[in-house]
Amino acid sequence: MTDQRAQFGTRLGVIATTVGSAVGLGNIWRFPYEAGAHGGGAFLLIYIGFIFLIGVPVICAEFIMGRGTRRNIFGAFRALHSSRYWAWTGYMGILASILILSFYSVVAGWTMEYLAEALTGTLDAASAGGELHDAFDNFAAGPRSVMWTLIFLAINAVILFRGVRGGIERASNVLMPVLFIILIIFCINSLTMPEAAEGLRFLFRPDFTKVDSSMLIGALGQAFFSLSLGLGTLMTYSSYFSDSTPLVKSAVTTASLDTLVAILAGIIIFPAVFTYGCEPAAGPKLVFEVLPSIFHQMPGGPIWAILFFFLLFLASLTSTISMSEICIAFFCEQLGMSRRRATLLNTVIAMSLGTLCALSFGAFSGFTVCGLTIFNLFDYLSSNIMLPLGGMLISIFAGWIVDRRILRSQLAGTGRISTPLLRTITFCLRYVAPAAILLVFLSGLDII
Ligand code: TRP
């Protein structure tokens, strides 16, 4: 079985691809608006705590299960334990991956619209006329948003048809470093803005009076979402790792780079939010209203806008490819479908649900469940509930059920692992991560 599966070619390819999956709209679109909605500094601090305390051990758990079995999430649970019940974590992961793919594609579609507008000069004109707010609302409510969602999913499908190595690895290798450099240039630009200090204060000075259960749940959900964690993406990816890939090091590198990109996005957005008098708690549209103003005042702005939205579109694509891969691996390996068929099925489902999400900014905006539109409901359910729950189960499974020898041999790879490090990771998987996730959930129920 091992031999028949594709494998990532190089060590850099492994990092670029896992980081490519992690870095996406989650960092650049979702992080700033979540941080904005939950008061800034304290959110950032708690978010970083969750990333390293819970995120890194759970990434290790996914890696161990993925490479240890060389299966998709569903097969990995079955291979490591005879009970059928654990495999339900896999079903939840597959459901969550489809929900996320659906609303994510809507936002990826927005980046394509903005790219098109930047290319035609409409975006700059709207910024000059101070019409960004209305322009976004009108666009998101209209049929173009649905059109872009569908186009994006079609492009995603075309890349997936081409298989693991050809499409994904090559694209990520080249593009992630370029995105990184551009973000740094934008940071420098934002730091020269008149209200830069206020923006940085908002992002970095924690105000602990803002801590409440909704913030804790938000920060935990954001940590899982941003790391692509909890539904088997990294498990599926690591099933393509070679035996010599160092798992702990890859986990720490992925988490650190991903967090760095989120912080860079914060440094870009918040100085501009305060300089242009925007509302930090504007929600999902925050970044799309703020960025065009930034580009408008930069020398060579339209070119930067084109470059940025193009790269954001590609970053979204590496992320949606990773999400789809879970479902496709499941359809292929568990249900025996051909890769083509599996990709098609995944795309058709996501197109249907994605259309509903897109319309929830327009025709369906009045349709809400517990006060959430379809878009927000899909996001809340998958990011804030299913991913942390999946992470908790994966962590308990790896910590308590998987044979210690498998943990040791996987974490050591072809090298060695020190006993204290192995003990620390096992301790986190057994106690720290599950307990922390449980406490956050309980706080949401107002039990504590
Ligand atoms: N982490 C990606 C981002 O930040 C999104 C993503 C890709 C994801 N694959 C995932 C989120 C799997 C949850 C689960 O944009």
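**Entry 1: a nonpolar patch**

Which residues make a nonpolar surface patch of about 320 Å²? I looked this up in what is a predicted model, and I found Leu356, Phe364, Phe367 and Val369. I then picked Phe367 from this group to see where it sits. I found Phe367 in the loop between α16 (339–359) and β1 (368–369). Its relative accessible area is 52%, so I noted Phe367 as exposed.

**Entry 2: the whole chain**

Next I stepped back to take in the overall fold. I noted 19 helices and 2 strands in the chain. The radius of gyration is 21 Å, close to the 22 Å that the globule rule gives for 448 residues, so I wrote down that the chain is as compact as a globular protein of that length. I also looked up the extent of the C-alpha trace, which spans about 65 × 50 × 40 Å along its principal axes. How much of the chain is made up of buried residues? I found that they account for 59% of the 448 residues.

**Entry 3: salt bridges**

Then I turned to charged side chains. A reminder to myself: side chains of opposite charge can pair when their charged atoms come close. I looked up the count and got 7 salt bridges. I went through some of them one by one.

I started with Glu113 and Arg144, which form a salt bridge with their closest N and O atoms 3.0 Å apart. Glu113 belongs to helix α5 (residues 87–120) and Arg144 to helix α8 (residues 143–161), so this pair ties together parts that are 31 residues apart in sequence. Are the two partners buried or exposed, or something in between? Glu113 is buried, with a relative accessible area of 3%, whereas Arg144 is partly exposed at 42%.

My next pair was Asp137 and Lys285, whose side chains meet in a salt bridge at 3.6 Å, N to O. I placed Asp137 in helix α7 (residues 132–141) and Lys285 in the loop between α13 (247–275) and α14 (286–297), so the pair ties together parts that are 148 residues apart in sequence. Asp137 is partly exposed, at 29% relative accessibility. Lys285 is partly exposed too, with a value of 21%.

I also checked Asp403 and Arg405, which meet in a salt bridge of 2.7 Å, N to O. Here Asp403 is partly exposed, with a relative accessible area of 32%, while Arg405 is exposed at 63%.

**Entry 4: a positive patch**

Which residues gather in a patch of positive charge on the surface? I wrote down Arg404, Arg408, Arg416 and Arg423. I found Arg416 in the loop between α18 (404–412) and α19 (419–444). Its relative accessible area is 77%, so Arg416 goes into my notes as exposed.

**Entry 5: two residues apart in sequence**

Last, I looked up Ile184, which is in helix α9 (residues 164–191). Ile184 is partly exposed, with a relative accessible area of 38%. How far is the C-alpha atom of Ile184 from that of Leu264? I got a separation of 7.1 Å, for two residues that are 80 residues apart along the chain.

Terms used:
Residues are numbered from 1 along each chain as its sequence is written. This is a predicted model: local features need pLDDT of at least 70, side-chain atom pairs count only at pLDDT 80 or more; totals for chains, interfaces and linings use all residues. Side-chain values use heavy atoms; hydrogens and water are left out. Patches are made of residues with over 30% relative accessible area and no salt bridge: like charges are joined within 9 Å, nonpolar side chains (Val, Leu, Ile, Met, Phe, Trp, Tyr) within 5 Å. Accessible areas come from the Shrake-Rupley method with a 1.4 Å probe; for residues, only the protein chains shown count as cover. A salt bridge is a side-chain nitrogen of Lys or Arg within 4 Å of a carboxyl oxygen of Asp or Glu. Lys and Arg count as positive and Asp and Glu as negative; His and the chain ends are not counted. The place of a charge is taken as NZ of Lys, CZ of Arg, CG of Asp or CD of Glu. Helices (H or I, at least four residues) and strands (E, at least two) are DSSP runs, numbered from the N terminus. Buried means under 20% relative accessible area, exposed over 50%, partly exposed in between (1.4 Å probe, protein chains only). The radius of gyration is taken over C-alpha atoms; the globule rule is 2.2 Å times the number of residues to the power 0.38.
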